[in-house]
Amino acid sequence: MILIYTEELTPRIEYISRLIFTTILQNEVSFTTKSSKFLVSDLPKINYSYEKFGNEFYLKPHRFLHCKALIQPNIQPVWYNGEKYFFESSADSDLPFDPLAASFYLVSRYEEYLDTQRDRHNRFPAEESILVKYGLLKKPVVNIWAHLLAGKVKARFPELIFPEPKFEFLSTIDIDNAWAYAHKGFWRSFGAFSRAVSKGHFTEARNRIRVWQGRQTDPYDTYNFLNKTYEGNENKVLFFFLLGDYKRFDKNVSWKNKHLQKLVKETAAKYSVGIHPSFSASKKKGKKKLATEIGRFKKITASEVTKSRQHFLRLRLPRSYRRLIKAGISEDYTMGYPSHTGFRAGTCTPYYFYDLKRETATSLKIIPFQVMDITLRQYMGLPPEEASAEIENLMQEVKNVGGVFSAIWHNETLNDMDDWKGYRDVFIKMNQKGFEWANA
């Protein structure tokens with residue numbers, strides 16, 4: 001147990017303290033606003049206030065955690081032992097920066113509430129993030145700062161025990177489009193075939209015919225390969241299914257299609273599954289669509305839906321998360337960037353969403369991801385061997401601090417064809433390493 005003294009216990013201070021000390025460092029905390037109680041306590045303790053009493057462990061707070069309004073704080077870089085930090089503290093503090101304030105800024109996604117820049121799909125761009133600007137996106141800095149703080153506190157209180165952090169691995173698959181050619185219905189298939197012929201894409205047209213005739217496996221039908229790759233580690237796998245209506249950015253087959261329903265049911269019998277809310281459902285007026293899609297999922301699986309990831313990673317705070325909570329979702333897996341690998345919220349530890357506009361912690365658990373196939377191949381343009389190196393470096397960062405390494409892949413990118421040639425091996429290597437480390 002660690003005792004924390006603060007003149008005012010704000011919701012922000014309590015939330016981030018419990019995340020740092022209890023969730024990440026696995027040690028309980030208690031709080032007091034009475035200096036007399038703090039001074040006489042025999043517990044390992046931290047003075048997180050504006051008054052230093054003696055030679056206690058002292059961390060002078062940045063005023064950010066005492067704010068009650070959404071205003072942009074003045075952030076200046078702080079250098080310490082050759083590393084860059086932010087949210088400066090003071091010369092008499094045991095650390096020159098405030099790790100609680102800096103961590104809260106990142107995990108709450110404070111900057112996303114204030115920044116008006118958006119990409120073409122109305123998403124917060126990674127380039128606007130402080131972690132990109134400071135060159136820290138590929139480090140789980142919140143976890144690193146937590147362990148730095150733990151080492152400092154333990155040096156003062158040797159009796160403190162912080163358990164060894166454990167590496168966990170989660171391989172996730174988004175089913176945006178279950179099949180390339182099969183099970184699409186006559187008119188949709190005929191239209192696609194006609195377009196392929198008119199544009200001179202004769203190989204595609206021939207492949208479509210061969211798939212329809214049952215002479216060739218559909219390019220997106222990689223499910224047997226996935227089952228073989230995941231065999232023995234099914235508890236570390238999660239599938240998300242898109243069940244939205246057909247639109248420009250939502251092109252799966254109809255949720256009523258008996259083949260898709262069979263695929264969902266068979267997958268749910270082996271793995272954890274979740275809803276992949278459509279692009280349309282993430283729009284401002286998409287609240288009813290979200291409820292409809294969740295209802296479809298319940299009908300197919302005959303079970304409750306508790307997990308989700310937004311299609312196109314469309315996330316607008318706090319609207320997206322409030323909708324999920326209201327819809328009964330308890331875990332969301334959207335936290336990461338489409339254009340960059342790394343740690344969008346600065347952490348590899350699942351945590352609960354803090355609603356800044358209501359200044360309260362919520363029941364929605366956020367599970368961040370670090371890498372996506374589309375990011376590696378299409379945004380970063382990496383050949384297979386460099387993609388594998390990128391994944392292993394990020395996985396090692398997670399292993400160093402203990403946390404969950406989570407990756408997004410799509411059934412359609414595992415066909416080992418065209419632009420995705422060689423990426424099936426990248427996927428295999430990632431899972432072999434992840435399962436090995438997680439099962440050690």
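**Group meeting talk: a walk through one predicted model**

Okay, let's start with Pro140, which counts as buried, at 0% relative accessibility. The areas themselves come from the Shrake-Rupley method with a 1.4 Å probe, and for residues only the protein chains shown count as cover.

Before I go on, this is a predicted model, so local features need pLDDT of at least 70 and side-chain atom pairs count only at pLDDT 80 or more, while totals for chains, interfaces and linings use all residues. Residues are numbered from 1 along each chain as its sequence is written, and side-chain values use heavy atoms, with hydrogens and water left out.

Back to Pro140. You'll find Pro140 in the loop between α5 (130-133) and α6 (141-156). Those labels are DSSP runs, numbered from the N terminus: helices are H or I with at least four residues, and strands are E with at least two. Now look for Cys348: Pro140 and Cys348 are 208 residues apart in sequence, but their C-alpha atoms are 6.1 Å apart in space. For contrast, take Cys67 and Thr172, which are 105 residues apart along the chain and have C-alpha atoms separated by 38 Å. Cys67 sits in the loop between β3 (45-47) and β4 (77-80), and Cys67 is partly exposed at 26%.

Next up, rings. How many aromatic pairs does a search of the whole structure find? The search gives 38. To count, rings of Phe, Tyr and Trp (its six-membered ring) need centres within 6.5 Å; planes under 30 degrees apart are stacked, over 60 edge-to-face, and the rest tilted. One example is Tyr15 with Phe104: the centres are 6.0 Å apart and the planes sit at 85°, so this pair is edge-to-face.

Phe279 is in the loop between β8 (272-275) and α11 (287-301), and Phe312 is in the loop between β9 (307-308) and α12 (319-326), so the pair ties together parts that are 33 residues apart in sequence. Are these two buried or partly exposed? Phe279 is buried at 8%, whereas Phe312 is partly exposed at 26%.

While we're in that loop between β9 and α12, have a look at Pro318. A cis peptide bond joins Leu317 and Pro318, with omega at about 0°.

On to charges. The whole structure has 18 salt bridges, each being a side-chain nitrogen of Lys or Arg within 4 Å of a carboxyl oxygen of Asp or Glu. Glu304 and Lys298 form one of them, at 3.3 Å from N to O. Glu304 is exposed at 60%, and Lys298 is partly exposed at 31%. There is also a network: Arg109, Glu111, Glu112 and Arg344 are joined by salt bridges that share partners. Within that group, the closest N and O atoms of Glu111 and Arg109 are 2.7 Å apart. Glu111 is buried at 5%, and Arg109 is buried at 1%.

Some charges form a surface patch instead. Which residues make up the positive one? They are Arg120, Arg195, Lys199, Arg248 and Lys251. Patch residues have over 30% relative accessible area and no salt bridge; like charges are joined within 9 Å, and nonpolar side chains (Val, Leu, Ile, Met, Phe, Trp, Tyr) within 5 Å. Lys and Arg count as positive and Asp and Glu as negative, while His and the chain ends are not counted. The charge is placed at NZ of Lys, CZ of Arg, CG of Asp or CD of Glu. Arg195 lies in helix α7 (residues 186-198) and is partly exposed, at 49%.

His183 is not a glycine, but its phi is positive, near 60°. His183 is in the loop between β6 (167-175) and α7, partly exposed at 32%. Asp418 also has a positive phi, about 50°, without being a glycine. Asp418 is in the loop between β14 (403-410) and α15 (423-439), and is exposed at 69%.

Terms used
Buried means under 20% relative accessible area, exposed over 50%, partly exposed in between (1.4 Å probe, protein chains only).
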